[in-house]
Number of protein chains: 4
Amino acid sequence: MRYDLIVKGGTVVTPSDSYKADIGIRNRKIAVIGELEKAEGEVVDAKGMHVVPGGIDVHTHFDMPFMGATTADDFATGSLSAVCGGTTSIVDFAIQTRGKSLMHGLEDWHKRAQGKSLVDYGFHMIIVDLPENRVKEMDEVVREGSPTFKLFMAYPGIFMSDDATIFRAMMRTRENGGTICMHAENGGVIEVLVKKALAEGKIDPKYHALTRPMTAEAEATGRAIALAEMAGVPLYIVHLSAGDAMEKVRDARARGLPVYAETCPQYLYLNYDDYERPDFEGAKFVMSPPLRPKGNEDRLWNGLRQNWLQVVSTDHCSFCMKDGVGGKPGKVLGKKDFSKIPNGAPGVETRLPLLWDAVQAGKLTENRFVEITAASPAKIMGLYPKKGLIAPGADADLVVIDSKKKHTISAKTHHANVDYNPYEGRVVRCSIKEVMVRGRRVVKDYKPLATPPHGSFVKRDARSN
Amino acid sequence: MRYDLIVKGGTVVTPSDSYKADIGIRNRKIAVIGELEKAEGEVVDAKGMHVVPGGIDVHTHFDMPFMGATTADDFATGSLSAVCGGTTSIVDFAIQTRGKSLMHGLEDWHKRAQGKSLVDYGFHMIIVDLPENRVKEMDEVVREGSPTFKLFMAYPGIFMSDDATIFRAMMRTRENGGTICMHAENGGVIEVLVKKALAEGKIDPKYHALTRPMTAEAEATGRAIALAEMAGVPLYIVHLSAGDAMEKVRDARARGLPVYAETCPQYLYLNYDDYERPDFEGAKFVMSPPLRPKGNEDRLWNGLRQNWLQVVSTDHCSFCMKDGVGGKPGKVLGKKDFSKIPNGAPGVETRLPLLWDAVQAGKLTENRFVEITAASPAKIMGLYPKKGLIAPGADADLVVIDSKKKHTISAKTHHANVDYNPYEGRVVRCSIKEVMVRGRRVVKDYKPLATPPHGSFVKRDARSN
Amino acid sequence: MRYDLIVKGGTVVTPSDSYKADIGIRNRKIAVIGELEKAEGEVVDAKGMHVVPGGIDVHTHFDMPFMGATTADDFATGSLSAVCGGTTSIVDFAIQTRGKSLMHGLEDWHKRAQGKSLVDYGFHMIIVDLPENRVKEMDEVVREGSPTFKLFMAYPGIFMSDDATIFRAMMRTRENGGTICMHAENGGVIEVLVKKALAEGKIDPKYHALTRPMTAEAEATGRAIALAEMAGVPLYIVHLSAGDAMEKVRDARARGLPVYAETCPQYLYLNYDDYERPDFEGAKFVMSPPLRPKGNEDRLWNGLRQNWLQVVSTDHCSFCMKDGVGGKPGKVLGKKDFSKIPNGAPGVETRLPLLWDAVQAGKLTENRFVEITAASPAKIMGLYPKKGLIAPGADADLVVIDSKKKHTISAKTHHANVDYNPYEGRVVRCSIKEVMVRGRRVVKDYKPLATPPHGSFVKRDARSN
Amino acid sequence: MRYDLIVKGGTVVTPSDSYKADIGIRNRKIAVIGELEKAEGEVVDAKGMHVVPGGIDVHTHFDMPFMGATTADDFATGSLSAVCGGTTSIVDFAIQTRGKSLMHGLEDWHKRAQGKSLVDYGFHMIIVDLPENRVKEMDEVVREGSPTFKLFMAYPGIFMSDDATIFRAMMRTRENGGTICMHAENGGVIEVLVKKALAEGKIDPKYHALTRPMTAEAEATGRAIALAEMAGVPLYIVHLSAGDAMEKVRDARARGLPVYAETCPQYLYLNYDDYERPDFEGAKFVMSPPLRPKGNEDRLWNGLRQNWLQVVSTDHCSFCMKDGVGGKPGKVLGKKDFSKIPNGAPGVETRLPLLWDAVQAGKLTENRFVEITAASPAKIMGLYPKKGLIAPGADADLVVIDSKKKHTISAKTHHANVDYNPYEGRVVRCSIKEVMVRGRRVVKDYKPLATPPHGSFVKRDARSN
């Protein structure tokens, strides 16, 4: 038999099993798995290595204007960073413009990505302005392959929706088969605390964290769950950071509710102490929700193992420290006022390496790694069974991981267009050996192989019921 | 020894003890408790009966304009109804007028009560409009003896405050020694559900309940607790009706937070089925929160025993069914639209009889009865140790209960100025024999004795810390 | 390419994925999965059907003497029943003889199975007598491929061990890499209740259930967990029947403890009401733990979905109603005294059909079906990755299920050697189409194909750590 | 009016109230409370001080043979120690002799106390041997005024009962109106751990704690609750030490079960670190359950405030360090084997001072102090309303506490007959000013006033229902 590509000799990892097998790829899809001794075709040597499904990062912000800045990474550099880190699909966020239709915002983001992305991509639709007469616009967004709406309980005056609006959106989403994604922090509380801090002359980056208490996230998470339960709609909590918020998700799931949550590597590996770094360095970690007090990480690790958290995404939202892309200012915007520091940090490239390092450390099984980085996000977000699995018929999005090599994370070597890395100097016990996007070899030994973009927009499925 | 009044031969009940003793009253206060064989003075015979502290009802609405109607009871008829039912102190609600100062509203209510009330009274201050420059007005209200602020998470456009406003009020209250009282229902969710129901032609009284789910109360209760925890202020949930909401209070208290809640007799004795009564009769029970599904009552009874609920108040807010007081329309306002039915029901007169009947039924101990009707409300609301206890030095507010007589509740015999009673025909195993307000006999055998009002405004204490 | 056998055109189901693929089998193992258009070999047609891993039933009692009777099924008829129901591996229980070595008991059971079983098999070791000098015998049992020890907290005087003995066994098992299986019911409490019932003349089968309260199981489950936690050893609760017991398992797992539990179809499909059947028919359902009150089933179903329960086994332990095998008496032994009814019921043949019917009913996903019937038991019991998965290199134990055909369960058609079926007349929405044991076709259309036994003893792995 | 004694000018403290009042005593009972300006009689000056009910310690071991030693304190010295510390009633433990009747043991203890005790006393009955034919003996013990039975889940071979025996005793106690007191630790587990430790040469006092894990107590507590729930009998957990055990009690109570627990000052003030003291000094703290790891104390304090724990008793069981009373050896018995150290420590004298110090520290209110030291034990143990309250008609057992004086705890000044004090050198912010036992002044300024014993056996009431 002849295949377009054969991944040979590796250990294939699925959410339930690990086994030695070759993978035969034909027409950009996986054709066969097993012993392919006499098969012909181009060979990717995976001997002694693990073969996992291409990473799916369902939370990135490329080419996003925010807080007077624009993210350092657009779809070209962002997707390059992604694929070099083993991520072969992303779901980014299209933003509605206040006063304009949802589709208008969606089309804008299609243009930003078109022809630039090295990885496959989809969009969540961020709703910022939903009077009753716009509610029905949501259905078209679902039909066009973006069945996930993001709403904010934080950022009053910018993104925040009140409960009536959120609930109205949920009621419609129950009908149109979509899922609600929620940024769950109580924006009202935070606004009061931020004003109070600034009035007291507290301007350093750490006050970003100190004005966004864990309880503000846990409260909003509980509220989002209650609203979704009353509306009868699935809910997905984005970038969950606080153990207390996680327990709200846990309890909802125990009652059988369709509630899901993602956390991000920064909440698993970093903590509040990073804000105490001198010389405005804490600004690197200014993101929302903020890093949490030491000890919180272990609660999240346990939650990942227990399936109280289903997904690890990145919330990749990069801003330079010194000066931004194209002459626009970056984090320094908030040098004298923490509340003006553009929120966000890069991460799309380091997610898989950091989590595989956790496998090496015994914190996760390799099977759970596949579940949280690929299978679960694909299933929850409507990319499955096209993506997120290694099985005959699936897209040949594959990553070969070498566990015997080590890799040092650094802004000097990363592929993102941003002048710092939150994990600078950290050594992970693995190396991304090969990355294939729909059967094409794109990265080898952590270097991009091919210049032309291979990524396409992927229509995602609504719930069938 | 000579006393102004001697209550003789009864069983005195306190939150921890029951014992036979006489009570000697002098200068309107309790002077001595024990065997007073040779003492002289006017005697109230309490032989074979129980003597309990005068009831304290910390949730009444007398002379209140609301939803286009005005409550049927003003301070004259309301306090008459109260005292005939064994309640000797109330705390009513003064309402801020939008755009005006808090003190302006407080003074308005002082005028409404002045010279009319048969019982002692105080005011909670309802905040409806709290821009930042008004926040400091709260301190004066506390100083003037009304250290409790009520905020609403429901009734958007009328009373509802958003989370930032609530949190701002809480932060100030932490400083000024007050306590926050909260109507905890998610008004945004309810608004959407009400509109949807009406659009679907659902106009009957029962839809009042069906558009206010338990989860909307539990959510808001949890949110109020989270906000209060972040602000570091005591919180008192008013008219808690849902078992799920109660469990939020329970869990907060288990963590040592100063969170309290009252329920009302209607949530203990009535349930959703009452809305299904024919001929618009369900309107009698239209109040917020609504009556809950059968089965919920038992959860509340358990919570009362466990001290997860600390107080039973009434939320007495009476509207006539047929035609209102002074020609103003009553419940019929909502004949064709449940959302227009004035919310509220009478109750100030039946609280003690209904709860003592629960003592007879073994659902509460007589000691717990005293705690939830007098001692706890007095302590939480700053009336203690002036009121709420039977001890030397306390105000001689006393009630003699005859457990051997039965009493039938009826609008025909009650003293409230309203044309129905939610418990019409219910027989309770007790009778209010005597009521003394600060040492003066006011009610005997369920009949008012004296015409002139005895009640005064009682300045309540702020927290000392 | 040439294969010994090709399962063609089915939908392969794994714990995480379902996909259309052919399966090529060579040397009794799965060689390749995918599109095998040009492959040669004997073909099993699975078009339109599901292909799942052969069922693994880790709780059977074949050829067991108990309570004065002997089970109706030996390894010949038991394994026939198993394989006709889609189960290709079992783990049965070898019983120590009091006063004799563990190995003596193990060898006895080897003899009972030898040359008779149609399916692969292993043994758990039941410990009944463990003085300190026998403790070290446990290690040899582990080394000989039976790394699971069963202990009883019930059946005083027969099987029951006291806590010191249990704890001693656990401490040793921590060292030797084994796992403790526990029958968790408080035998002391039950003994007192049984005596009391009999003394009061309560002799009917239903008193079997009424003298074994849910709390007696929940208590013992909690105790077993506590002991295992203190010993640092994995624990597997057998035949968990009570929702309250399940919650103990749930809470232990949430703390990260290696605690597992199986339930059985009888606890998911039957309930206490079956004991109320007339004419001693309740005896059919006399087993320990007993069937639980209606409503308990739903708690278990939820637990299965939530992974609070990991396995469904059968506790197949068949006794005839009328007269037993080989002239020995069956359930009638307890006609006048419920405590003498031999405990147990058949089930090995109906497990997969009943659970696949639950898939059809939407109670389980097909992926979860594979997990609880094959993957999880294989992993927990040391049979993995030889068994319990469909992947290259695994034993070709495969079952083809036809979801379009219905099947009526009946003692008239079942293959077990017992004169009743607890599910008599129940219709399931599926049919066992084909069963392959290590690549050999053994059953077709619910009929055994081959006469000679194919089963072998399978050495199971101890924990590596 | 004339009184035998007047306690003048103090602040009377009850579980719910604190108020200034005089107390008039006549015929050894409280006659009247209030302003007694013109009353005549001997005066105890309590101005500026608190007057609380005499302490009730329901867990002492005086004159008890145990582990080859005998307690250092008999009823003379023990009760002297008690009353000097403000305790006016105790309940001690009568022990059944194996093979003899319960009444035989009870009578033995009556003799030990007769004519010696300075305080009133009662007995719990320790059951060590309860074959079925003895079960009915329990009823007589109840009738004779000792309606509380203590059973042990620890000390195998000495006191431990198996679950069947415990359950049998509980079933009978449900009928006879008694209450079960339980020493809840898993004796089987502990036995295995002790043997293992000794076999490994671990002989120091700290191994006493390390072989009695918190989980062994939590398990047994949960088991006792389950058994009591199945039997339908009230349960009282003695000397609860572990936060995990407390949570079992908390959860049972939340379900409305009649489950109670006491803790002791040692578990509130001391912790595991005390075992690490050099030179065998750790032996001073060898008691069962042992002191728990630091941090556990705060859980218990919270539980005391939350009413998850209802009582603080002492488990006073004193053994000398150097040489025992009457030449018998003390703690040194276990110099070379921690398991031979007689278990127990003194405490009856320091309970009230330590807990009032907690009042001063803001850890407890003074009202809660009265509840846990007097009111609750009196109510649970059947001494109420004779004892445990300050009210007309109650026994005049009164203690005057001076909060302005400090007191240093020391073996040099304490009145117990034991050569060390676990709290040596600790300063408490209060002083026991006066102690009255049934209206007689017994202690003044921490010195005994009268020589002849005043204490009598007090018949305690069984439950009425």
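Reply: Start with a cut-off: a residue counts as buried when its relative accessible area is under 20%. Keep in mind that this model is predicted.

Me: Which residues of helix α11 of chain B are buried?

Reply: The buried set in α11(B) is R351(B), L352(B), P353(B), L354(B), L355(B), W356(B), D357(B), A358(B) and V359(B). That is 9 of the 10 residues of the helix, which spans 351–360, so α11(B) is mostly covered. Just past α11(B), G362(B) has a positive phi of about 80°.

Me: Which strands pair with β13(B), and in what sense?

Reply: Take β12(B), residues 120–126: it pairs with β13(B) in the parallel sense over 2 bridges. M125(B) sits opposite F149(B). On the β14(B) side, residues 179–183, the strands also run parallel, joined by 5 bridges. There K150(B) has C181(B) as its bridge partner. A right-handed β-α-β crossover leads from β13(B) through helix α4(B), residues 163–176, to β14(B). β12(B), helix α3(B) (residues 137–143) and β13(B) also form a right-handed β-α-β unit.

Me: Where is S117(A), and is it buried or exposed?

Reply: S117(A) lies in the loop between α2 (102–113) and β12 (120–126) of chain A. Its relative accessible area is 1%, so S117(A) is buried. The S117(A) side chain reaches the backbone oxygen of V119(A) at 2.6 Å. Beyond four places in sequence, S117(A) touches F75(A), S79(A), P453(A), H454(A) and G455(A).

Me: What area do chain C and chain A bury between them?

Reply: Interface size is often given as the accessible area lost when the parts come together. Here chains C and A bury about 1900 Å², with 51% of it on carbon and sulfur atoms. S16(C), D17(C) and P392(C) supply 24% of the area that chain C buries against chain A, more than any other three residues. Each chain brings 27 residues to the contact.

Me: How many salt bridges and polar contacts cross between chain C and chain A?

Reply: The rule finds 0 salt bridges, but 15 residue pairs are in polar contact. On the chain C side, β5(C) gives the most, with 4 residues.

Notes:
Residues are numbered from 1 along each chain as its sequence is written. Chains are lettered from A and ligands numbered from 1 in the order in which they are written. This is a predicted model: local features need pLDDT of at least 70, side-chain atom pairs count only at pLDDT 80 or more; totals for chains, interfaces and linings use all residues. Side-chain values use heavy atoms; hydrogens and water are left out. Two strands pair if DSSP finds at least two bridges between them. A crossover is right-handed if, with the strands pointing away from the viewer, the path from the first strand over the helix to the second runs clockwise. Buried means under 20% relative accessible area, exposed over 50%, partly exposed in between (1.4 Å probe, protein chains only). A polar contact is a pair of N or O atoms within 3.5 Å; within protein, one must be able to donate a hydrogen and the other to accept it, and residues adjacent in sequence count only if both atoms are side-chain atoms. Contact means heavy atoms within 4.5 Å. Buried area is the accessible area (1.4 Å probe) that two parts lose on being put together, summed over both. A salt bridge is a side-chain nitrogen of Lys or Arg within 4 Å of a carboxyl oxygen of Asp or Glu.
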